[in-house]
Amino acid sequence: MDLDYKKAKQKLLTELDTDCQQFFIKKGCILENGYYELLSDNIEKAGVLFDAVKDTDIRAHWASFLISMIKSDIREYPSYFELRNFLEIDLNLLLHYFKGEYVENIIRYADFMFTINPEVHKFIGRVFYNNDYPEQCMYFLNKAKNYFYHDPELHYLLAYIYYGKGDFKQAAKALEDCIYILPGYFPAVNLLKKIKNKVK
């Protein structure tokens, strides 16, 4: 397959392919090659690549911080926007590649990252939700709820997990909280109707 940048980047999101890496090297795509090395467990090499461009590339600056969390050696801070834009994407990517240990190391810094962006627990909870880890998801969403009680999405996600576990009472309570905050929120209204039909 002839690669262009878009195809090579898309391929990196799904599988590690040496042709993909050779394309990045040939085209001077240092950031993308860094991610290839990270996903190949070449942490040191990835760090060197990210550090080479982190002063001119915000994503590389973030990736350098990501490496520091994986290595438990933080020396810099991410920005509010880096956490908002990249944390979820990269945690999803690491889970896709079965890098559970990396994810564990990163989320150990959740409370630290929270001091920079207070939505961090929600972001992490959403990652676990999307990757079918309901218990971990609930833990982080409940932490997020302590700070962002008025976020309807939090209540809806919690309700959906309770619903999946068959705990309709808790699901209904979370949905009512969601609708109280944002009346007419269609997914919540719809799920609440389903629950009421089930418990009749």
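Visitor: Let me start with one side chain: is Y156 buried or exposed?

Guide: Keep in mind that this is a predicted model. The cut-off for buried is under 20% relative accessible area, and Y156 comes in at 15%, so Y156 counts as buried.

Visitor: And how do I read Y156 together with another ring?

Guide: Here's the general idea: a pair of aromatic rings is described by the distance of the centres and the angle of the planes. Now the case here. Y156 and Y160 have ring centres 6.1 Å apart and planes at 45 degrees, so this pair is tilted. Both sit in helix 11, four residues apart, which means about one helical turn separates them.

Visitor: How many aromatic pairs are there by this rule?

Guide: The count is 15. Take Y129 with Y160: the planes stand at 80 degrees and the centres are 6.2 Å apart, so you'd call that pair edge-to-face. This pair links distant parts of the chain, since Y129 belongs to helix 9 (residues 120–130) and Y160 to helix 11 (residues 152–164), 31 residues apart.

Visitor: What about the accessibility of those two?

Guide: Y129 has a relative accessible area of 26%, so it is partly exposed. Y160 is partly exposed as well, at 38%.

Visitor: Which residues form one aromatic cluster with them?

Guide: The cluster is made of Y129, Y156, Y160, Y163, F168 and Y185.

Visitor: Let's zoom out. How many helices and strands does the chain have?

Guide: You'll find 13 helices and zero strands. The C-alpha atoms fill a box of roughly 65 × 40 × 25 Å along the principal axes. Of the 200 residues, 48% are buried. Look at contacts between residues at least 6 apart in sequence, and 51% of them join residues at least 24 apart.

Visitor: Which residues touch the most other members of the largest nonpolar core?

Guide: That core has 63 residues, and Y35, L38, W62, L87, I106 and I124 touch the most other members. Helix 5 gives the most to this core, with eight residues.

Visitor: Can we follow W62? What does it touch?

Guide: Leaving out residues up to four places away in sequence, W62 touches Y35, M69, P78, E82, L83, F86, L87 and D90.

Visitor: Now the empty space. How do I think about pockets?

Guide: Rolling a probe the size of a water molecule over the atoms shows where empty space is left. In this model, the largest pocket holds about 270 Å³ of space. Its lining has 14 residues, with D51, S64, I67, S68 and D73 nearest the centre.

Visitor: Which helix brings the largest share of that lining?

Guide: Helix 5 does, with five residues. Helix 4 (43–53) and helix 5 (58–70) each supply at least two. By class, the lining of the largest pocket has seven charged, four polar and three nonpolar residues.

Visitor: What is the volume of the second largest pocket, and what lines it?

Guide: The second largest pocket has a volume of about 210 Å³. Its lining is Y5, K9, L12, L13, L31, E32, Y35, R59, I89, D90 and L93. Helix 1 (5–12), helix 3 (30–39) and helix 6 (80–96) each bring at least two residues to that lining. By class, the second largest pocket is lined by seven nonpolar and four charged residues, with no polar ones.

Terms used
Residues are numbered from 1 along each chain as its sequence is written. This is a predicted model: local features need pLDDT of at least 70, side-chain atom pairs count only at pLDDT 80 or more; totals for chains, interfaces and linings use all residues. Side-chain values use heavy atoms; hydrogens and water are left out. On a 1 Å grid over the protein atoms alone, a cavity is a set of points where a 1.4 Å probe fits but cannot get out, and a pocket is an open set with protein on both sides within 12 Å along at least five of seven lines; lining residues have an atom within 4 Å of a point. Grid points are joined across faces, edges and corners, and a volume is the space filled by probe spheres set on the points. Ala, Val, Leu, Ile, Met, Phe, Trp, Tyr, Cys and Pro count as nonpolar, Asp, Glu, Lys and Arg as charged, and the others, Gly among them, as polar. Rings of Phe, Tyr and Trp (its six-membered ring) pair if their centres lie within 6.5 Å; planes under 30 degrees apart count as stacked, over 60 as edge-to-face and the rest as tilted. Buried means under 20% relative accessible area, exposed over 50%, partly exposed in between (1.4 Å probe, protein chains only). A nonpolar core is a set of buried Ala, Val, Leu, Ile, Met, Phe, Trp, Tyr and Cys residues joined through side-chain atoms within 4.5 Å. Contact means heavy atoms within 4.5 Å.
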